[in-house]
Amino acid sequence: METPKVSIVVPIYNVEKYLRQCLDSIIHQTLKDIEIICVDDGSTDASPEIIREYMAKDPRVKVITKPNSGYGNSMNRGFDMAEGEYIGIVESDDYADPEMFETLYRIAKENKLDVVKSGFYYYFSVPKEKNEKVEIVSKTRAGVTFCPATDFRAPMEMVEFFNIKPTIWSAIYRKDFIREYNIRFNETPGASFQDASFNFKVMAQAKRVQLIQDAFLHYRQDNENSSVNSPGKVFCVCDEYAEMQRFLDTNPLNRGELECVCKRIKYDSYIWNFNRLAKKYKYLFLERAAEEFKDDFEKGTMNPRYFEKYKWEDVKKLVEDPIGYYTEKALNQPGYSTKELREIKNSWSYKIGRLVTFFPRKFLGGIQSIKDDGVIYTFKLGCKKIAGGLSWIKDRKSR
């Protein structure tokens, strides 16, 4: 058998409800020279029987059967088995338009690309079926071949690119490129944001990339078992950014600007995660986030050139005073009553925490202010705050 043009990896775990729609969309692709690698991650429903059904009627369908070991392991196993020139992904609760892989393969071959990525659709099947198209690139940049690590002229342009939703399943990847750079998924348990570090590593290493405005992949939004609907996965996003840092540490040629970009997109991801978490987990997560960003500041990998001013001020506030930051944010979060917030502020743990962190907060804040705004401005600001504090004490005594 000749080498397939595209190997399509389908990670599968207990998706009997959606699997036939997914596999039908792949076997009916207009590009016929494909292989379909189903990776069954220990499903306990009818998914294995459905896979065997499709294998019996289409020889291009293959299967890897393994004990449950998570999304990252499934993807690595599927990528290792792939024999195609390019590798694509269709997740088992999504489906693809018939021309998806023919179009992506043609563009990739014509332009000798490492990666070509398209837009996608948010797909809803209830209460009534609808698709919302998402374009990931402007008309001016669509179809332009570029190197993400070197071709952006301004820091915020690079941030904007690396901040695009990972959408690893709306792209195809040159197999030899993936293997040359040993790009692997993070093998953490379950299905928990492993697309983030994979996408970062791909785009950090790729020399020839194109984005296109067309959309083919329908990304299901109403699967109640999807990982994006699991608020209990508090620190999984941290694992992905730890993996990105490990990658940068072991690839010194990719550091420099990319490390600053990594910290900037980490900020956005952490704030997104904070907002989605159940109330009881929010402060636990912020406490860890503050410690990580404090470490990033101390290592010099936080750079205001990669932040909007208000986001730069926000991350400094988080590092300097995570407790105050939490209570301020909680005021704008649903589910908190005025009484609960008053109880938090009046609790001994809160007061002691504020007292213990007072001097470290002020010291770190002063150091960062000197770096950002200079010694003179920082000195004037400090004098102004001291004067304001003395005035407040005086007023309080006179009451």
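**Close-up 1. Lining of the largest cavity.** The residues that line the largest cavity comprise five nonpolar, one polar and one charged, where Ala, Val, Leu, Ile, Met, Phe, Trp, Tyr, Cys and Pro count as nonpolar, Asp, Glu, Lys and Arg as charged, and the others, Gly among them, as polar. These lining residues are K117, F161, I164, P166, N199, M203 and L211, lining meaning an atom within 4 Å of a cavity point, and a cavity being a set of points on a 1 Å grid over the protein atoms alone where a 1.4 Å probe fits but cannot get out. The largest cavity holds about 40 Å³ of space, the volume being the space filled by probe spheres set on points that are joined across faces, edges and corners, and the structure has one cavity of 30 Å³ or more.

The model is predicted, with local features requiring pLDDT of at least 70 and side-chain atom pairs pLDDT 80 or more, whereas totals for chains, interfaces and linings use all residues. Residues are numbered from 1 along each chain as its sequence is written, and side-chain values use heavy atoms, without hydrogens and water.

**Close-up 2. Helices α5 and α9.** The axes of α5 (residues 155-162) and α9 (residues 257-276) come within 10 Å and cross at roughly 55°, with axes being lines fitted to C-alpha atoms over the stretch in contact and angles running from 0 to 180 degrees between N-to-C directions; helices are DSSP runs of H or I of at least four residues, and strands are runs of E of at least two, numbered from the N terminus. The two helices, α5 and α9, are therefore oblique to each other, the class left over once angles under 35 degrees are called roughly parallel, over 145 roughly antiparallel and 65 to 115 roughly perpendicular. On the α5 side M156, M158, V159 and F162 make the contact, and on the α9 side E257, L258, V261, R264 and I265, contact meaning heavy atoms within 4.5 Å. Seven of these contact residues are nonpolar, none polar and two charged.

**Close-up 3. Helices α8 and α10.** Helix α8 (residues 236-250) packs against helix α10 (residues 279-299) at an angle of about 15°, their axes 11 Å apart, which makes α8 roughly parallel to α10. Here V237, C238 and D239 of α8 meet F285, R288 and E292 of α10, a contact of three nonpolar, no polar and three charged residues.

**Close-up 4. Backbone at P127.** V126 and P127 are joined by a cis peptide bond with omega of about -5°, and P127 is placed in the loop between β6 (115-124) and β7 (130-134).

Notes: On a 1 Å grid over the protein atoms alone, a cavity is a set of points where a 1.4 Å probe fits but cannot get out, and a pocket is an open set with protein on both sides within 12 Å along at least five of seven lines; lining residues have an atom within 4 Å of a point.
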